[in-house]
Amino acid sequence: MSSGLTCIVPLAGPDVVQPGGRIKPLSEVEGMPLVERAITSRRWWREGLVNSSGLIFVLRSDLPETAVIDRVLQTRFPGCRTVRLGGLTRGALLSAMAGSALVDRFDTPLCIDLVDILYEIDPGPVAAFLSDPGADGLVPWFRASEPSYSYLVTDDAGHVTETAEKRVISQRASAGTYFFRNAAVFLKAAAWSMTATRDGPNGGPVFVCPAYNGLIEAGGRIDAIEVHEVVPLSPAFHAPMGAG
């Protein structure tokens with residue numbers, strides 16, 4: 001069984017293997033594989049709110065490099081679990097949905113971490129969210145204005161009122177980590193996204209951040225917390241937008 005927090009890490013996008021065979025999640029960042037450097041830098045990891053058994057990685061079975069990725073993950077995070085997809089999904093949201101199939105408790109919070117941004121977060125906000133049944137979600141954010149990020153609008157109380165993908169609707173950019181009250185709340189948000197995407201049901205990629213709009217429309221509360229010491233990792237790979 002996992003710890004109180006479950007974390008799904010989608011590693012199934014079109015940029016997992018770079019031109020020339022470089023494996024993005026295993027690329028070295030400060031002496032560690034990128035995926036390890038990101039996960040172990042998270043405050044909830046350092047404070048023991050999640051452990052290896054609470055990690056679910058989503059991989060692709062159609063890539064020969066997946067065997068290497070899996071070996072590294074099992075070595076670095078003993079007891080973690082993996083889901084393997086037979087190909088690309090339409091986006092990180094759907095890849096994360098596949099990972100939710102291995103969630104073993106339906107009454108505990110769920111985190112989806114795209115592990116493409118390093119940051120520091122003040123102590124307290126995540127633990128407060130985990131113990132607050134009134135909040136449906138929590139989004140770490142940082143100040144930015146580039147259209148390569150997801151964005152959120154907040155009210156005076158720090159609650160999210162709108163989210164958007166690749167549209168600069170504020171100066172608050174998502175840090176690529178998304179908390180949901182539990183797996184059922186996440187799937188509710190995902191179901192909304194699959195029917196209300198701007199491009200229609202047969203449109204482009206389906207991302208995680210816009211899914212919060214469904215919860216907001218239903219009267220749910222999504223909190224936001226600013227992070228600092230932000231280091232974006234994906235720009236170094238010139239990754240295409242799409243599945244995660």
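Q: Where does Val115 sit?
A: Val115 is in the loop between strand 6 (110-113) and strand 7. Helices (H or I, at least four residues) and strands (E, at least two) are DSSP runs, numbered from the N terminus. This is a predicted model, in which local features need pLDDT of at least 70 and side-chain atom pairs count only at pLDDT 80 or more, while totals for chains, interfaces and linings use all residues. Residues are numbered from 1 along each chain as its sequence is written, and side-chain values use heavy atoms, with hydrogens and water left out.

Q: Val115 buried or exposed?
A: Val115 is buried, because its relative accessible area is 3%. Buried means under 20% relative accessible area, exposed over 50%, and partly exposed in between (1.4 Å probe, protein chains only).

Q: And what is its phi?
A: Val115 has a positive phi of about 45 degrees, although it is not a glycine. Most residues other than glycine have a negative phi.

Q: What about Lys166, what is phi there?
A: Phi of Lys166 is near 60 degrees, again a positive value in a residue other than glycine. Lys166 is in the loop between strand 10 and strand 11 (172-174). With 23% relative accessibility, Lys166 counts as partly exposed.

Q: Switching to the whole chain. How many helices and strands?
A: The protein chain has seven helices and 14 strands. Its radius of gyration is 16 Å, close to the 18 Å that the globule rule gives for 244 residues, so the chain is as compact as a globular protein of that length. The radius is taken over C-alpha atoms, and the rule is 2.2 Å times the number of residues to the power 0.38.

Q: How much of it counts as buried?
A: Of the 244 residues, 53% count as buried.

Q: What share of the contacts is between residues 24 or more positions apart?
A: Such pairs make up 75% of the contacts with a separation of 6 or more. Contact means heavy atoms within 4.5 Å.

Q: Now the largest nonpolar core. Which residues touch the most other members?
A: Trp44, Phe57 and Leu73 do, in a core of 42 residues. A nonpolar core is a set of buried Ala, Val, Leu, Ile, Met, Phe, Trp, Tyr and Cys residues joined through side-chain atoms within 4.5 Å.

Q: Which elements give two or more residues to this core?
A: Among them are strand 1 (6-10), helix 1 (34-41), strand 4 (55-60) and helix 3 (66-76). The largest share, four residues, comes from helix 1.

Q: How many residues of helix 1 are buried?
A: Six of its eight residues are buried. They are Leu34, Val35, Glu36, Ala38, Ile39 and Ser41.

Q: Back to Trp44, what is it in contact with?
A: Leaving aside neighbours within four places in sequence, the contacts of Trp44 include Leu5, Cys111, Tyr119 and Phe179. There is also a second, separate core of 32 residues, which includes Phe180, Ala211, Leu215 and Ala224.

Q: What does Gly158 touch?
A: Gly158 touches Ile222, Asp223 and Ala224, not counting residues up to four places away in sequence. Gly158 and Ala224 are 66 residues apart in sequence and 5.9 Å apart in space, C-alpha to C-alpha. Gly158 lies in the loop between strand 9 (150-154) and strand 10 (160-165).

Q: Last one: Glu30, buried or exposed?
A: Glu30 counts as exposed, at 60% relative accessibility. Glu30 is in the loop between strand 2 (28-29) and strand 3 (32-33).
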